[in-house]
Amino acid sequence: MTLQRREVVKTLLADRGELLVVAGLGSTAWDCTAAGDSALTFPMWGAMGCAAMMGLGLALAQPARRVLVLTGDGEMLMGLGSLATIGVQKPQNLALVVIDNERYGETGMQATHTAHGVDLAVMARASGFATGVLVRDAAGVAALRPCIHRDKGPHFAQIKVAAQKVPLVLPPRDGALLKNRFRQALLGASAALE
Amino acid sequence: MGNPRRIAPQPVRHDSRGSLESRSLNAPIAAEIDWPLAAHQVLARLGFGVVGYVPDAGHKRLIELCQADARMRTVVLTTEEEGIGLAAGAWLGGAKCALLMQSSGVGNIVNALGMVRECRIPLLVLVTMRGEYGEFNPWQVPMGQATADVLRAMGVAVQQANAAAEVALHADAAARLAFGGYCAAAVLISQRVIGIKSFLEQAAQ
């Protein structure tokens with residue numbers, strides 16, 4: 001059975017503990033909000049192509065914490081070079097998961113490159129990620145949990161999901177608010193005074 | 001500082017071909033001021049823990065100094081835009097990030113700078129200029145001439161370092177502006193500082 005994006009993201013974020021999350025522009029950010037808004041999720045409303053690198057910056061700054069980037073195939077395709085950059089840096093605490101519906105979901109469901117067979121997981125492995133898997137079923141999603149929470153990374157997963165429109169569940173939009181609440185939740189109230 | 005140094009007009013030296021590409025238009029004055037060393041000291045003193053860069057000949061020494069500094073994690077980028085994500089993520093995690101790039105790279109960060117402004121993320125960018133002053137490569141000129149305007153259009157504070165002695169002072173002030181004011185600040189390091197290489201000189205470097 002084809003995976004449903006909202007269920008996949010809910011599973012990935014279940015019992016997230018101290019996990020730090022970057023949610024890429026568009027549907028994946030709404031998916032993360034639908035799974036439960038959190039100060040330790042940074043949803044992106046712009047800067048398309050930057051989600052993976054935000055995860056790298058966060059992972060380097062917080063080596064004792066686990067970092068998960070959840071983003072879409074279109075967003076990832078706009079920043080493919082970051083796979084090479086992350087592959088060079090090899091942050092052990094970073095996992096990058098692409099929710100791949102093979103569509104640009106926010107702009108009219110136009111086909112992305114992955115619809116034509118572009119294999120992001122192979123690119124990640126070739127770039128030096130510790131793992132890079134293509135996931136098509138619930139068992140594969142469940143198997144990602146150790147990669148996200150425990151095993152040495154960097155990890156990459158491309159999860160094929162149904163191309164469907166789902167109800168918008170939107171996080172706060174104000175970028176300064178999103179930044180400040182994340183930093184305060186992670187670094188303490190004094191982060192606002194830095 | 002005493003009298004400000006002026007770059008004396010130099011006779012154009014012709015090689016056997018006498019071509020534009022092979023002549024030294026304006027070799028830098030023998031460096032009395034080690035601006036990369038001074039800039040590195042500023043970055044270290046202010047606690048920059050992450051330095052992202054796309055290599056540029058003008059940044060060669062500063063990159064190497066940062067790479068040799070155990071307090072700094074250097075991240076080589078495939079394109080400058082990656083540096084904006086890197087810096088934003090680092091700041092979310094409590095680390096200061098500086099970016100080193102050539103002026104052409106400023107063209108690659110424009111949209112991502114929207115996130116920096118909207119989220120009020122402090123960011124220091126040190127830009128070595130091309131296409132600005134005595135450039136031999138015409139393809140560098142459009143972006144080099146537009147660099148300051150493009151940055152300002154995206155809300156970045158711009159400081160221009162036209163002499164070696166100014167670079168570290170500007171880097172220090174720009175970093176304080178950025179991290180004190182939760183904004184982006186860029187220091188444009190003139191070709192008057194880094195020297196204007198001919199293509200042959202650059203290739204031999």
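**Notes on helix packing in chain B and against chain A**

1. Helix H3 (residues 51-61) of chain A and helix H3 (residues 80-92) of chain B cross at roughly 40°, their axes coming within 6 Å. That crossing angle makes H3(A) oblique to H3(B), and its hand is right-handed. Among the residues making the contact are Met53(A), Gly57(A) and Leu60(A) on one side and Gly85(B), Ala88(B) and Leu92(B) on the other. Axes here are lines fitted to C-alpha atoms, for helices over the stretch in contact, with angles from 0 to 180 degrees between N-to-C directions. Under 35 degrees counts as roughly parallel, over 145 as roughly antiparallel, 65 to 115 as roughly perpendicular, and the rest as oblique. A crossing is right-handed if the near helix is turned clockwise from the far one by less than a right angle, left-handed if anticlockwise.

2. A word on the model: it is predicted, local features need pLDDT of at least 70, side-chain atom pairs count only at pLDDT 80 or more, and totals for chains, interfaces and linings use all residues. Residues are numbered from 1 along each chain as its sequence is written, with chains lettered from A and ligands numbered from 1 in the order written. The predictor gives the complex an ipTM of 0.98 and a pTM of 0.91.

3. For chain B, the mean pLDDT (the predictor's confidence in each residue, from 0 to 100) is 88, and 82% of residues reach 70 or more. Where pLDDT is low, the predicted coordinates should not be read in detail.

4. Chain B has 9 helices and 6 strands, taken as DSSP runs (helices H or I, at least four residues; strands E, at least two) numbered from the N terminus.

5. Contacts (C-beta atoms, placed from the backbone, within 7 Å) involve residues including Trp35(B) and Ala38(B) of H1(B) and Val167(B) and Ala171(B) of H7(B).

6. Helix H2 (residues 60-67) of chain B buries Leu62(B), Ile63(B), Leu65(B) and Cys66(B). These fall within an arc of 160° seen down the axis, so they line one face of the helix; the arc is that of the directions from the helix axis to the C-beta atoms. Their cover includes helix H1 (35-45) and strand E1 (48-53) of chain B.

Note on methods. Buried ≥ 20, exposed ≤ 12 C-beta atoms within 10 Å, placed from the backbone. Contact = placed C-beta atoms within 7 Å.
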